[in-house]
Amino acid sequence: MIKRKKKKVEEVLTVPKADRRTLSHVPDPEQIRGRVDRRGLRDEGFILDDNDLESREKLRLLSLRYIADFDVLLVPQGKKKKDGIKARAIDISSTGILLEMSSEAGRFEVGESYQLRCQIPPGTMPEGFESSVKIDAEVVRLFTQQSDDVEKQRVALQFMLPLTDYFQKKRWGYSIYMASGLMFVAVAVIMLMRVESVLYFKYNLWLYLYSLIAAIFLLSRYLFGAFYRDVPVNPEYTPGVTIIIPCFNEAEWIHRTILSCINQDYPVDKLEVIVVDDKSTDHSAEQIRKTIEMVHNEAERYATKERLQMVVLPENGGKRVALVKGVEMAKHDLVVFVDSDSFLEPTAIKHLVQPFQDPRMGGVAGRTDVENKYTNSITKLQTVRYYIAFRIMKAAESYFDSVTCLSGPLSCYRKDLILEHSEAWLNQKFLGQPATFGDDRSMTNFILRTHRTAYQDAAICSTIVPSKTSVFLKQQMRWKRSWLRESLRASGFIWRKEPFMSLFFYVGVVVPIAAPIIVLYNLVYVPLAYQVFPGTFLMGLLLMGLLMSLAHLMFRRSRLWVYGLVFCIFYEAVLLWQMPVAWVTFWKSTWGTRETPQDIEAREKREARKQKNKNRIGLPF
């Protein structure tokens with residue numbers, strides 16, 4: 001039998017157009033250039049105040065350009081669509097677009113106005129921009145360039161109205177009104193259904209009590225998530241920060257990760273980056289060296305030789321060993337953990353450190369978005385789930401200064417706390433088995449026992465999520481096992497925290513564990529035993545999924561909102577049934593998606609069993 005080679009999934013990423021400057025966001029110590037790119041601004045009289053962080057960030061987002069490749073139709077003012085000129089988009093921003101067309105397309109003049117018509121494909125620009133566009137634009141620059149030995153003309157046009165304002169009028173405004181209105185209706189229906197549950201206590205107390213508690217728990221997350229607010233940026237508060245990037249076999253992404261970490265809008269003398277290679281077996285170490293050498297050569301005046309370094313571990317010790325090694329090398333009092341396939345926004349560190357103005361704060365998590373969201377249906381499901389998990393669930397926990405998981409892609413800790421708990425963290429075992437995953441939840445438990453933990457929504461990074469179903473399912477099983485293990489640990493001390501938070505923590509543990517039993521009872525036992533269609537139960541599931549979708553639509557204004565409903569269906573059909581498996585296997589320490597020592601040991605045992613079975617089959621009877 002010939003095994004077919006599995007086809008590699010091609011990730012769909014939003015690709016910003018490269019800046020000529022390697023570190024375009026780092027504050028310039030010599031004041032040679034301005035800190036914000038002003039390209040595309042119609043208001044030439046705009047004055048930028050360095051202390052006005054909100055306007056600077058808005059200006060930066062407006063000026064971001066993205067590599068594009070889609071058809072565009074230019075219709076001269078006063079002409080009809082049939083008179084339009086076909087072109088191809090090369091790059092696009094919120095304020096303008098660069099087009100390429102053949103020399104036969106005719107001559108253009110600077111200052112000419114056109115109506116630009118196109119369909120921005122998903123993944124070209126950030127989430128929410130995927131839509132049809134019909135907007136007026138003005139020619140601002142003309143030049144020619146050789147392409148495939150053919151001279152082609154390029155035309156830069158500036159939109160008369162930024163796309164952000166255009167979509168706010170055309171679609172985003174309506175999305176917000178529709179989503180908020182439907183969310184109000186969904187919440188009202190859920191509350192009415194739960195009031196009805198009280199009437200049915202006499203038939204099945206525990207079942208309907210569970211339904212009531214589960215609904216209150218979920219609605220409370222949305223309520224407190226709505227109350228949540230970031231700690232505002234204090235320009236005078238810039239503590240020293242060391243970013244630590246543990247890397248194992250991430251040659252494809254590590255270059256971009258390193259650049260995003262060193263290219264931060266943060267004081268040069270207050271930020272360093274340490275990359276720790278956990279004895280990768282691919283070309284990660286070589287790629288790290290190349291990236292660091294490039295940064296050292298091209299941005300030496302930003303003191304990069306003193307602020308960016310790498311270390312290669314002598315043997316593969318696991319993510320925790322790599323992180324602790326980085327912490328031991330760190331020269332600053334705050335340490336930030338960043339996954340090797342995650343990419344920071346330029347202002348991420350500035351926002352992430354703000355809660356540490358409170359001396360009782362031990363750790364802070366940033367928001368993680370999905371970078372490869374438009375790759376396929378699996379990544380689209382995760383896009384909605386990730387956003388709700390951070391913006392609603394973590395935000396609700398942060399309202400009580402008790403975030404229960406400072407997530408791996410982007411989290412900040414006090415260095416002394418990591419060192420204090422490093423030995424216990426490195427040697428953690430559960431039922432005699434080494435704890436090789438769930439690093440973030442485990443360290444969060446150590447921190448949360450004595451300190452506060454928080455979430456900063458404006459500290460943003462994006463990460464590469466699994467785009468293959470098999471890898472995604474293994475990841476989810478790993479997460480459920482670590483969640484069960486660490487929830488048991490947290491149960492021993494969380495009652496000392498804010499009472500309301502403690503109550504909902506325990507409810508949040510019981511509800512997911514009991515969920516498979518409740519679903520089986522409602523969807524299997526009740527129809528078979530009583531010949532009753534579980535319409536009410538299904539309606540409740542639908543409304544819960546609708547809440548997730550509508551919250552995503554309201555905040556993100558994206559066409560991906562429907563995948564919140566799809567995720568709920570997928571969860572009930574597939575992911576929910578991983579929980580019973582996790583109950584009886586949560587001591588396992590294998591990753592399933594990377595070759596840790598435990599994975600190698602498990603693989604060797606499986607191979608030994610297979611060989612033993614083959615030998616047994618071959619023996620004569």
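**View 1. Val526 in helix 13.** Val526 sits in helix 13, which spans residues 499-530. Helices here are DSSP runs (H or I, at least four residues), numbered from the N terminus. This is a predicted model: local features need pLDDT of at least 70, side-chain atom pairs count only at pLDDT 80 or more, and totals for chains, interfaces and linings use all residues. Residues are numbered from 1 along each chain as its sequence is written, and side-chain values use heavy atoms, with hydrogens and water left out. Val526 counts as buried because its relative accessibility is 16%; buried means under 20% relative accessible area (1.4 Å probe, protein chains only). Setting aside neighbours within four places in sequence, Val526 is in contact with Tyr521, Gln531 and Val532. Contact means heavy atoms within 4.5 Å.

**View 2. Helix 14 against helix 15.** Helix 14 (residues 535-556) packs on helix 15 (residues 563-573) at about 135°, with the axes 7 Å apart. Axes are lines fitted to C-alpha atoms over the stretch in contact, and angles run from 0 to 180 degrees between N-to-C directions. The two helices are therefore oblique to each other. Oblique covers what is left after under 35 degrees (roughly parallel), over 145 (roughly antiparallel) and 65 to 115 (roughly perpendicular). Helix 14 passes helix 15 in a right-handed crossing, meaning that the near helix is turned clockwise from the far one by less than a right angle. Helix 14 contributes Leu541, Leu542, Gly545, Leu546, Met548 and Ser549, while helix 15 contributes Tyr563, Gly564, Leu565, Phe567, Cys568 and Glu572. These contact residues divide into 8 nonpolar, 3 polar and 1 charged. Ala, Val, Leu, Ile, Met, Phe, Trp, Tyr, Cys and Pro count as nonpolar, Asp, Glu, Lys and Arg as charged, and the others, Gly among them, as polar.

**View 3. Helix 12 against helix 16.** Helix 12 (residues 469-490) and helix 16 (residues 578-585) pack at about 55°, with axes 9 Å apart. They are therefore oblique to each other. Their crossing is right-handed. Among the contact residues are Trp483 of helix 12 and Trp583 of helix 16. By class, the contact has 8 nonpolar, 3 polar and 2 charged residues.

**View 4. The largest nonpolar core and Leu410.** This core has 38 residues, of which Val241, Ile243, Ile245, Val336, Leu344, Ile349 and Leu410 touch the most other members. A nonpolar core is a set of buried Ala, Val, Leu, Ile, Met, Phe, Trp, Tyr and Cys residues joined through side-chain atoms within 4.5 Å. Helix 4 (residues 254-262) supplies the largest share, 5 residues. Beyond neighbours within four places in sequence, the contacts of Leu410 include Val336, Leu344 and Ile460.

How values were computed: Buried means under 20% relative accessible area, exposed over 50%, partly exposed in between (1.4 Å probe, protein chains only).
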